Amino acid sequence: MIINWEEKYSVKVQELDDHHKQLVNLMNELYEAIKSGNSTTEISVILDKLIDYTKFHFSSEEKFMIKCGYPGYDKHKSAHEQFVNKILEYQIEFKEGNLLLGMDVMNFLIKWLIRHISIEDKKYGIYFALNRDPAIAN
Ligand SMILES: [Fe+2]
């Protein structure tokens, strides 16, 4: 395990915290597979899973931000798009054999996620807490 979800990462929205925990799990799974020297096929399966889950999570977050009328939506969405493009690029390069998925890639993924949750995701969390609409779940 290289990262743990901690209470300090909470965005105070249960569903989205759960998603973040799952993303952390998948990143740890990828890390373990790389560290153990698993085959490209095995690593690809985890990478695909991580990418699918990331897309699902980002789209849930985006829907949530729209529902809350969050003013930072456009900027946040474009940060998501940039990250997805980056990991899709890694996926293609890795599957074509042009990229060795190593600790530098892992570091990039983890650092990005933790930074994004701690800074950008927390902003919508605070906005939501201050402008809480009882019609929105949580
Ligand atoms: Fe986000």
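User: In this predicted model, at what angle do helix α2 and helix α4 pack, and is α2 roughly parallel or roughly antiparallel to α4?
Analyst: Helix α2 covers residues 40-68 and helix α4 covers residues 103-130. Their axes lie 11 Å apart and the packing angle is about 20°. Angles under 35 degrees count as roughly parallel, so α2 is, relative to α4, roughly parallel.

User: Which residues of α2 meet α4, and how many nonpolar residues does the contact have?
Analyst: From α2 come L50, F58, E61, F64, M65 and C68. On the α4 side they meet L109, W112, H116, D121, Y124, Y127 and F128. By class, the contact of α2 with α4 has one polar and two charged residues, and its nonpolar residues number ten.

User: How do the axes of α3 and α4 cross, and is α3 roughly parallel or roughly antiparallel to α4?
Analyst: Helix α3 spans residues 73-95, and its axis comes within 12 Å of that of α4. The two axes cross at roughly 165°. Angles over 145 degrees count as roughly antiparallel, so α3 is, relative to α4, roughly antiparallel.

User: What is the handedness of the crossing of α2 and α4, and of α3 and α4?
Analyst: The crossing of α2 and α4 is left-handed. Where α3 passes α4, the crossing is left-handed.

User: What span does α4 reach, and where is its kink centred?
Analyst: With 28 residues, α4 reaches 39 Å from its first C-alpha to its last, close to the 40 Å expected at 1.5 Å a residue. α4 also has a kink of about 40°. The kink is centred on I117.

Terms used: Residues numbered from 1 in each chain as written. Predicted model: local features only at pLDDT ≥ 70, side-chain atom pairs only at ≥ 80, totals over all residues. Heavy atoms only, no water. Axes fitted to C-alpha atoms, helices over the stretch in contact; angles between N-to-C directions. Helix = DSSP H or I, 4+ residues; strand = E, 2+ residues; numbered from the N terminus. Parallel < 35°, antiparallel > 145°, perpendicular 65-115°, else oblique. Left-handed = near helix turned anticlockwise from the far one by under 90°. Contact = heavy atoms within 4.5 Å. Nonpolar A, V, L, I, M, F, W, Y, C, P; charged D, E, K, R; others polar. Expected span 1.5 Å × (residues − 1). Bend = angle between axes of the 7 residues up to and from the residue.
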